[in-house]
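Take a moment with the model below.

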Amino acid sequence: MEISVDGERLAGIDGQTVAGILLAAGRASWRTTRSGAPRGVFCGIGACFDCLVTVNGVPDVRACRRRAADGDEIRTQSRQEET
């Protein structure tokens, strides 16, 4: 299985979460807060909102809960304020 993350192709295994694929690819964070602080998986069970990504155009999807599907288009998110 293969997904695209910000245009980069990443391989995964059927049943793996988006967060699992990102972590396996060496990415510890993929979202930033308003202050610019990096965020990735924190709780790993969907209780927090640190691992949010956009999946196939749908924003604010918890990467730790979303099972990846072949061909998914993932975009990282940023909540940084414009200066």
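What follows starts with the whole chain and then turns to one strand and its neighbours.

This is a predicted model. The protein chain holds one helix and seven strands. From the N terminus on, they run β-β-α-β-β-β-β-β.

How does the overall size fit the chain length? A compact globule of 83 residues would have a radius of gyration near 12 Å, and the protein chain has 12 Å, so the two agree. The C-alpha trace spans about 40 × 25 × 25 Å along its principal axes. Of the contacts with a separation of 6 or more, 38% link residues 24 or more positions apart.

Now the surface. Buried residues make up 37% of the 83 residues. The protein chain exposes about 4900 Å², and carbon and sulfur atoms supply 48% of that area. Charges come as 11 positive and 11 negative side chains. The centres of these two sets lie 6 Å apart.

Next, find strand β5, residues 52–55. In a regular strand the side chains alternate between the two faces of the sheet. Are the faces of β5 covered or open? Both are covered. L52 and T54 are buried on one side, and V53 and V55 are buried on the other.

Which strands pair with β5? One is β6, residues 58–62, which runs antiparallel to β5 and is joined to it by three bridges. Here L52 stands opposite R62.

Another partner is β7, residues 73–78. Three bridges join it to β5, again in an antiparallel arrangement. The bridge partner of T54 in β7 is R75.

Note on methods. Residues numbered from 1 in each chain as written. Predicted model: local features only at pLDDT ≥ 70, side-chain atom pairs only at ≥ 80, totals over all residues. Heavy atoms only, no water. Buried < 20%, exposed > 50% of the residue type's maximum accessible area, 1.4 Å probe, protein only. Helix = DSSP H or I, 4+ residues; strand = E, 2+ residues; numbered from the N terminus. Pairing = 2+ DSSP bridges. Rg over C-alpha atoms; globule rule 2.2 N^0.38 Å. Contact = heavy atoms within 4.5 Å. Areas by Shrake-Rupley, 256 points an atom, 1.4 Å probe, with all protein chains shown as cover. Lys, Arg positive; Asp, Glu negative; His and termini not counted. Charge placed at Lys NZ, Arg CZ, Asp CG, Glu CD.
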